[in-house]
Structures are given as structure tokens and as C-alpha cells.
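Subject: Structure for your files

Hello,

Here is the structure I said I would pass on. My notes follow below.

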Amino acid sequence: MAYTALTLRCPLRVERLVSVHYFEYGPDYAFAGERHDFWELVYVDKGEIAATAGKAEKLLHRGQMIFHSPGEFHSLRAAGRTAPNLVIVGFYCAGPEMAFFEGRVLAVGGPEQAALAVIVEQAAAAFSTPLDDPLLQRLERRAAPPFGAEQLIALALEGMLLGLVRREGAAGRLTTQLRSQDRAGLFERTQNYLEANLHRQLTLAEICRDNLVGRSYLQKVFREKTGGGVMEYFGRRKIRRAKELIREGRHNFTEIAALLGYTSIHYFSRHFKRVTGMTPSEYAGSVKLLARTGRGEGPDGP
């Protein structure tokens with residue numbers, strides 16, 4: 001029997017390690033900033049920092065991590081009364097998947113904390129360079145490091161990156177799904193509300209208030225679903241009901257206008273023509289014409 005080996009897909013592979021730091025800064029610490037051609041992660045193990053990423057400054061609390069992409073200017077400063085402790089790792093990791101981490105501030109849980117602990121522990125065992133040296137530009141190997149220490153660093157870092165992409169990616173899909181369900185539910189709920197209130201003169205503020213939703217969000221949902229705003233949709237529904245009432249023939253135009261909350265027959269007629277292209281009288285005439293034609297009578301019949 002001949003076996004075929006499968007080459008494993010490794011989308012996030014750490015190619016080179018630049019630095020591993022564990023800093024214990026004072027409460028007044030500030031770093032002016034730099035940029036370089038490798039990735040850098042900063043994890044807040046204690047306290048708070050203000051991290052600049054490009055032109056934006058972000059506040060990070062204990063248990064949060066920020067990623068700086070290659071070429072991005074970044075700086076940091078202590079931002080609270082508690083002196084911050086930081087883990088900082090510089091590394092090369094190519095591939096389009098790393099774009100996921102650009103500009104990201106992520107909450108770190110147990111698995112990521114365990115991976116960071118392995119990285120710091122194995123770096124201290126593998127390299128002679130102090131982990132708290134802020135001027136470090138080159139890692140120096142120990143003469144007799146523990147077996148596989150550098151590989152364990154790479155595996156821990158790769159595992160953490162893969163886990164974060166999986167976790168945040170799943171959370172992002174779930175959030176998108178929930179938002180989609182929320183929009184669909186809101187649209188249906190508002191549709192039913194408008195249908196039940198065709199007899200009223202509603203304002204957008206009243207619709208938002210009664211449906212516990214913000215104006216801009218409701219407008220966005222209706223534009224996605226109908227191509228127009230809420231009031232435009234409400235007006236079309238009124239005219240659709242008006243056409244039904246005209247076809248039923250039990251009410252005159254003035255009564256229909258009143259039933260649908262119009263302040264006057266004139267306003268009703270103008271709105272009807274704007275939506276349908278015909279006046280109510282013209283529409284009623286066309287309905288009668290279609291009725292005669294439908295019975296087999298010609299357009300000039302009785």
C-alpha cells in the first residue's frame with residue numbers, strides 16, 4: 001500500500017523573533033515612539049497605558065493587547081496611578097492573514113495568558129539578553145539553552161495568533177448574524193406597527209419612540225430593505241390601502257382620505273398622484289375600465 005503525505009497548511013508561521021520583553025515601568029513612564037519593519041505585540045499585565053498606533057491613541061487596561069503592524073509608528077505612556085507591567089514581543093510573520101491584527105486591541109483570556117507565560121519563560125531560558133533591557137536590538141543565545149526552547153516560543157506565539165483569529169473571527173460572524181437578525185426583526189416589527197396605524201398621521205419621531213429605536217438606525221434598516229426612508233414607505237402603504245378602498249367602492253374619496261389620516265382631500269389627491277401618477281378619480285376610472293374589459297366588454301362598451 002502506497003501512502004501519500006499531506007503538506008500541512010500553516011497560514012501563520014513565525015519566521016524570526018526580534019525581541020521578548022517583560023517591562024515593569026514607573027507610573028510616569030513615556031516612550032517617544034518608533035517604527036520598524038516587523039510586527040510587535042504589547043500586552044498589559046498590570047496597570048494602564050495609552051498606546052499610539054499611527055495617528056490614534058488607544059487606552060489599554062490590564063488584560064488587553066495591541067498589535068502594531070510593520071511600518072506603523074507607535075509609542076506608549078503610562079496612563080494610570082498604577083505602574084504598568086508589559087509584555088512586548090517583536091517578530092516577523094508574513095502572509096495576508098496577519099492583516100487581521102492591524103489596529104486591533106484584543107482582550108486576552110486564559111489561553112493567551114498561558115501562551116505569553118510560555119514565551120516569557122522560554123525566552124528567559126533561551127537567551128542571555130535581559131528581558132527588561134529597553135535598548136535591546138539583538139537576542140543573544142545562551143551557551144546551553146533548554147532543548148527546543150526557541151521552537152516552544154514560536155509554537156506558543158503561533159498558537160496564540162491562530163487562537164485569536166479563530167476566536168475573534170467567530171465572534172465577528174456571530175455579531176454580524178445577530179445584527180442581521182436584529183435588523184430583520186426590527187423591520188418586521190415596524191412594518192406591522194405602520195400597518196396598524198395607517199389611519200394616523202405619524203411622525204418619524206413617534207415611530208422611533210413607539211418602537212424603541214434610534215432615528216438613524218431605523219432609517220438605515222428601511223433603506224436596506226426598501227430602498228427608501230421610513231416615511232416614504234409609510235406613505236406608499238397608505239396609497240396601497242387607498243387603492244384597495246377605491247376598488248372596494250364602499251367609500252368616496254373624502255371618506256378614504258379621512259380613514260387614512262389625511263388632513264384634507266386635496267392633500268390626499270396630491271399624494272396619490274405623486275405615488276401612482278394618477279389622481280384618485282383617474283385611478284377609479286381605470287379600475288372600472290379594467291373591470292369592463294375583464295368581463296369581455298370592449299373599452300367602449302356600456
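**Strand pairing**

Ile49 stands opposite Leu60 in β5. That pair belongs to the antiparallel pairing of β4 (residues 49-53) with β5, which extends over five bridges. Strands count as paired if DSSP finds at least two bridges between them. Strands (E, at least two residues) and helices (H or I, at least four) are DSSP runs, numbered from the N terminus.

Before the rest, the conventions. This is a predicted model, in which local features need pLDDT of at least 70 and side-chain atom pairs count only at pLDDT 80 or more, while totals for chains, interfaces and linings use all residues. Residues are numbered from 1 along each chain as its sequence is written, and side-chain values use heavy atoms, with hydrogens and water left out.

Strands β4 and β5 are part of an open, antiparallel sheet of four strands in the order β2-β7-β4-β5. Its edge strands, β2 (30-34) and β5 (56-60), each pair on one side only. From one strand to the next the twist averages 15°; axes are lines fitted to C-alpha atoms, for helices over the stretch in contact, and angles run from 0 to 180 degrees between N-to-C directions.

There is also an open sheet of five strands, again with antiparallel pairing, ordered β1-β8-β3-β6-β9. Within it, β3 and β8 run antiparallel and are joined by seven bridges. Lys46 stands opposite Asn85 in β8.

**Two loop residues**

Ser69 sits in the loop between β6 and β7. Ser69 counts as buried because its relative accessibility is 13%, the limits being under 20% relative accessible area for buried, over 50% for exposed and partly exposed in between (1.4 Å probe, protein chains only). Leaving aside neighbours within four places in sequence, Ser69 is in contact (heavy atoms within 4.5 Å) with Phe38, Trp39 and Glu102.

Gly80 lies in the loop between β7 (74-78) and β8 (85-92). With a relative accessible area of 23%, Gly80 is partly exposed. Not counting residues up to four places away in sequence, Gly80 touches Pro27 and Glu48. Gly80 and His61 are 19 residues apart in sequence, and their C-alpha atoms are 9.4 Å apart in space.

**Helix packing**

The axes of α5 (residues 230-248) and α7 (residues 265-276) come within 10 Å and cross at roughly 100°. The two helices are therefore roughly perpendicular, the class for 65 to 115 degrees; under 35 is roughly parallel, over 145 roughly antiparallel and the rest oblique. In α5, Gly235, Ile239, Ala242, Lys243 and Ile246 meet Phe268, His271, Phe272, Val275 and Thr276 in α7. The residues of this contact divide into six nonpolar, three polar and one charged. Ala, Val, Leu, Ile, Met, Phe, Trp, Tyr, Cys and Pro count as nonpolar, Asp, Glu, Lys and Arg as charged, and the others, Gly among them, as polar.

Regards
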